[in-house]
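Hi there,

Here is the structure I promised to pass on.

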Amino acid sequence: MDIQLLKVFFTTAQEGSISKAAHKLNFAQSNVTHKIQQLEADLQTQLFYRHNRGITLTPSGQTLITYAEKILHVIQEARLAVGDTAVPAGQLHIGSLEVTAAVRLPALLTKYHAEYPAVDFSLITGPTEQHLHGVLHYELNGAFVSGPVEHPELIQENVIEEEMVLVTPLSHPPVQAIHDIQLRTVLVFPSGCTYRSKLSQMLQEEGISPEKMMEFASLETIIGCVSAGLGISLMPRSMVAVSEQQGRVRCHTISDKHALAQTVFIMRKDTLMTPALSTFLSEMRSHFS
């Protein structure tokens, strides 16, 4: 099977458009179409349905896309393995939860960058679901996510245990139980956030329905809105410790099964252990031990 044809097929499937694939590959559209037709002729099956709205994968195409992703990744791994030296270098893409990146990683990343400047390090922040997809599809070398994670293609390593607290305006009276919450507007991160799911589960178990759920992408925005009295939120104490010390918000301890949140580092079981990744794992374990 021609690797170049496979790459064109995979890119076209990802982009969902021959024109977009041609732009990404810097090919003429006719060249992309011709290469896909070559691959279809070689495999003796149709890989795409062509219609007025563009293209979609046929059942054969859906089967091939999984193999194509793995094949192209193995080829990239082979290049890295052959070119590897003992000195950490090259690209390293790591995913992280927003709170972990903001509170737990700055010192680690600063030390790693200072000691291994040849590594082209990228940190991508987002919710756990996004990073699971990224690691599974070889887009990330690893990621800090909410655990535990159960997946046959992944391994996980415990890193941090976060204390979860209810965050309210400073004027809110003490909260001994979830029913003591006086504000019924809930401020949360976007869908896919584990802290959002945990808060929703807490309220549901107590038979409490929020009057309104407001979604924000920024930690500082949520803290600012809580401080102003707009609503309440649930997040790790480490995330709001400074704001609590400044007298902007009030934190309330949770005494049930939702009190702790685990952060784990995940990788694919078949991840190529490059010097850049190996040294990052070593620094991570030393930092969080």
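First, the ground rules. This is a predicted model, so to speak of local features I needed pLDDT of at least 70, and side-chain atom pairs count only at pLDDT 80 or more, while totals for chains, interfaces and linings use all residues. Residues are numbered from 1 along each chain as its sequence is written, and side-chain values use heavy atoms, with hydrogens and water left out.

Let me start with the charged pairs. A salt bridge here is a side-chain nitrogen of Lys or Arg within 4 Å of a carboxyl oxygen of Asp or Glu, and that rule gives 13 salt bridges. One of them joins Glu283 and Lys111, whose closest N and O atoms are 2.8 Å apart. Glu283 sits in helix H11 (residues 275-288) and Lys111 in helix H6 (residues 106-115), so this pair ties together parts that are 172 residues apart in sequence. (Helices are DSSP runs of H or I with at least four residues, strands are runs of E with at least two, and both are numbered from the N terminus.) Glu283 is buried at 11% relative accessibility, whereas Lys111 is partly exposed at 40%. For those words, buried means under 20% relative accessible area, exposed over 50%, and partly exposed in between, with a 1.4 Å probe and protein chains only. Lys111 and Glu283 also belong to a network of salt bridges that takes in Glu115.

Two further salt bridges may interest you. Lys24 meets Glu15 at 3.4 Å, N to O; Lys24 is exposed, with a relative accessible area of 52%, and Glu15 is partly exposed at 28%. Arg237 pairs with Glu244, with 3.5 Å between the closest N and O atoms. Here Arg237 is partly exposed at 23%, and Glu244 is partly exposed at 29%.

Now for the rings. How many aromatic pairs does the structure hold? There are nine, counting rings of Phe, Tyr and Trp (its six-membered ring) with centres within 6.5 Å; planes under 30 degrees apart count as stacked, over 60 as edge-to-face and the rest as tilted. Phe9 and Phe48 have ring centres 5.5 Å apart and planes at 50 degrees, so they make a tilted pair. This pair links distant parts of the chain, with Phe9 in helix H1 (residues 3-15) and Phe48 in strand E1 (residues 48-51), 39 residues apart. Phe9 is buried at 0% relative accessibility, and Phe48 is buried at 2%. Elsewhere, Tyr112, Tyr116, Phe121, Phe144, Phe265, Phe280 and Phe288 form one aromatic cluster.

Next, a helix. In helix H8 (residues 194-205), the buried residues are Tyr195, Arg196, Lys198, Leu199, Met202 and Leu203. They cover an arc of only 165 degrees around the axis, which puts them on the same side of H8; the arc is taken from the directions from the helix axis to the C-beta atoms.

Finally, the surface. Ile3, Tyr67 and Ile71 form a nonpolar patch with about 280 Å² of accessible area together. Patches are made of residues with over 30% relative accessible area and no salt bridge, joining like charges within 9 Å and nonpolar side chains (Val, Leu, Ile, Met, Phe, Trp, Tyr) within 5 Å. Areas come from the Shrake-Rupley method with a 1.4 Å probe, and for residues only the protein chains shown count as cover.

Best wishes
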